[in-house]
Amino acid sequence: MFKYIVVLMMSLSFMPTGQAGEKPAACSSDEYSTLDFWVGSWEVSWKGGKGTNHISKSHGGCVINEKFDSPGLKGMSISMYNKAGGEWRQTWMDDQGSYFDFHGRQDGADYIFHSTPDPEKPEQQLRMVFTDIKADQLTWLWQKTSDGGETWTDQWVIKYRRQH
């Protein structure tokens with residue numbers, strides 16, 4: 001019996017410990033952290049309103065969760081980097097019955113997410129833009145085009161200030 005225990009112990013000592021042969025986390029590459037500037041708790045304000053927005057990561061760092069709360073609007077989104085497509089995907093839902101499907105990526109210093117166009121009106125589209133990004137503040141723009149993206153008009157401008 002002792003002989004079998006010794007053989008078992010020796011066999012276990014040659015097994016990988018998880019250090020060298022460990023598989024990296026599924027969402028550990030740099031692309032998955034490009035929206036980390038948004039993660040945190042924020043005071044948000046716009047002309048005529050204010051609220052909070054809490055952004056966190058879950059599912060091993062693969063998913064970004066948003067919880068937006070204001071007196072006139074409560075909503076949430078989930079975002080994830082789609083490595084195959086080389087872009088971010090976001091789904092937004094709220095208590096007004098809105099649902100949006102976005103795809104986006106970094107454009108210079110900004111991050112721009114476009115809504116999926118309506119096949120009936122492809123020249124009309126909505127987008128959100130994260131701009132003026134700093135450690136404790138950023139500006140979020142909700143924009144609309146009616147000419148296929150030649151010109152964009154601000155519909156809603158939200159100022160973000162990080163809560164401390």
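In this predicted model, F37 has a relative accessible area of 17% and is therefore buried, because buried means under 20%. Y111, at 8% relative accessibility, counts as buried as well. The rings of these two residues, F37 and Y111, form a tilted pair, since their centres are 5.1 Å apart and their planes stand at 35°. This pair links distant parts of the chain, for F37 lies in the loop between α1 (2–13) and β1 (40–46), whereas Y111 belongs to strand β7, 74 residues apart.

A further ring pair joins Y81 and W88, with centres 5.7 Å apart and planes at 70°, so that it is edge-to-face.

| Residue | Relative accessible area | Class |
|---|---|---|
| F37 | 17% | buried |
| Y111 | 8% | buried |
| Y81 | 12% | buried |
| W88 | 3% | buried |

The structure holds 16 aromatic pairs, and ring pairs also link W46, F68, W92, F100, F102, W140, W142 and W156 into a cluster.

Turning to the strands, β7 (residues 110–115) pairs with β8 in the antiparallel sense over four bridges, and Y111 stands opposite F130 in β8. Strand β8 (residues 125–131) is largely enclosed by the rest of the structure, because six of its seven residues are buried. β8 also pairs with strand β9 (residues 137–145), again in the antiparallel sense, over seven bridges, and the bridge partner of Q125 in β9 is T145. Together β8 and β9 form a hairpin with five residues between them, and D132 in the turn has a positive phi of about 50°.

Methods
Residues are numbered from 1 along each chain as its sequence is written. This is a predicted model: local features need pLDDT of at least 70, side-chain atom pairs count only at pLDDT 80 or more; totals for chains, interfaces and linings use all residues. Side-chain values use heavy atoms; hydrogens and water are left out. Buried means under 20% relative accessible area, exposed over 50%, partly exposed in between (1.4 Å probe, protein chains only). Helices (H or I, at least four residues) and strands (E, at least two) are DSSP runs, numbered from the N terminus. Two strands pair if DSSP finds at least two bridges between them. Rings of Phe, Tyr and Trp (its six-membered ring) pair if their centres lie within 6.5 Å; planes under 30 degrees apart count as stacked, over 60 as edge-to-face and the rest as tilted.
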